[in-house]
Every structure is written in C-alpha cells, then in structure tokens.
Amino acid sequence: CLEELQLYSVEKCPNFFTEVRKLTKLRVLKIYFAEIQESAGKALMESLCNLHNIHSLTVLDDGRQAEYSVVVNHSLEDLAPCTKLYELNLLCIVIPRVPSWINHLSVPLLSRLGLHVDAVEVRDVQTIGRLPSLLELGLWSKDEKNVSYTFGSNEFHKLRWLLTKKIEIAVGEGALPMLELLGY
C-alpha cells in the first residue's frame, strides 16, 4: 500500500531493482544511486513498467559522479503510465528512444520531463512540444551527431527551463515565450 518512496544508495540493496515492481500503489518514487550495473538498470526498467499508478518518477545519480549514466536496452514502451503522471526524470538512464506514450493525449499533466536517449529525433521534440503542461525539459542525446531543431511559436507555450545535450537549437519568432533558463 506504500504510495511514496524516496531512497538513496539503492545500489546497496541488490533486490530493490526487482522487488520495487511489487509496490503497485506507488504514486511518487525517487531513487538515487552512486553506480548501478547494466543488469540492475534493466531490472529496474522492467519493474517500473509495473507501476501504473505513478505520478512522479525520478531516478538520479547521487551527484558523486559527473554525469554518470547506465545504458539499458529497454524502451519503457510497456510503462503505460497513468494520465496523472506529472514528473518523469530519467536523465541518468540511457534508453533507446523516447516512449511513444509521451504525448499530449496519454500524459496531459506532464510538467517535468528529463530523458537521456540513444538518439533524439525531430519528431520526438515535436511531440514533446505539444505537451500542454510542460514547464521543464531536459532532453539529452547519446548519439555522436547533433540533431538540429527550430522551435516554433506553436509549441512549448509554457516551457520555462530547457536543458539539452547534442541538440542544436534555433528559435523562431514568438517561440518559447516563457523560457527563463536555457542550458546547452
């Protein structure tokens, strides 16, 4: 029946990555780790797909390692989150692609999004731009080549923070009207 959980140094709890799937009532999950193995990262991603009531999901490194990330070959397509998801921050886990359910119909309340993907595509940015409640976006690409994107006036209306890695940005007239912070 646990609804909120925040844990540090989860790598010290070897069963956590598989056992968290049993906490099906979780609404808020924040976990921090120093370093995890790829197999543990994969087990974690598979477990996260069982958390259908999740409203806020944050998986971060504990700050001891500069930009530490674990690469997993799991797309999160099976997560199918509840429509009340408002925060998803997985910058320290590299996933193959932006999940197709990250769109204005499936997660209309999503206001904070942080993803690290193998390669960001233009259509991903366009789809994310249609999220009506998005305030903060961190979108990193692991790919060696940069993707170019021109922000237009018909997207990202409420976005206040934009942090990107390997995305070349151009801003059209009237675009990003609320932006306060840009990190590249």
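The model is predicted, so local features need pLDDT of at least 70 and side-chain atom pairs count only at pLDDT 80 or more, whereas totals for chains, interfaces and linings use all residues. Residues are numbered from 1 along each chain as its sequence is written, and side-chain values use heavy atoms, with hydrogens and water left out.

Grid points are joined across faces, edges and corners, and a volume is the space filled by probe spheres set on the points. The structure holds one cavity of 30 Å³ or more, and the largest cavity contains about 30 Å³ of space. Its lining is formed by Val125, Leu137, Phe151, Leu162, Thr164, Ile167 and Ile169. Strand E9 (161-165) and strand E10 (167-171) are the elements that give two or more residues to this lining; helices (H or I, at least four residues) and strands (E, at least two) are DSSP runs numbered from the N terminus. The lining comprises six nonpolar residues, one polar residue and no charged residues, where Ala, Val, Leu, Ile, Met, Phe, Trp, Tyr, Cys and Pro count as nonpolar, Asp, Glu, Lys and Arg as charged, and the others, Gly among them, as polar.

No disulfide (a pair of cysteine sulfur atoms within 2.5 Å) was found in a search of the whole structure. The sulfur of Cys49 lies 14 Å from the closest cysteine sulfur, that of Cys82, which is too far for a bond. Cys49 is buried (under 20% relative accessible area, with exposed over 50% and partly exposed in between; 1.4 Å probe, protein chains only) at 7%, and Cys82 is likewise buried, at 17%.

Most residues other than glycine have a negative phi. Ser9, however, has a positive phi near 55°; Ser9 is in the loop between strand E1 (4-7) and helix H1 (16-19) and is buried, at 19% relative accessible area. Lys166 also has a positive phi, of about 65°. Lys166 is in the loop between E9 and E10 and is partly exposed, at 23% relative accessibility.

Terms used: On a 1 Å grid over the protein atoms alone, a cavity is a set of points where a 1.4 Å probe fits but cannot get out, and a pocket is an open set with protein on both sides within 12 Å along at least five of seven lines; lining residues have an atom within 4 Å of a point.
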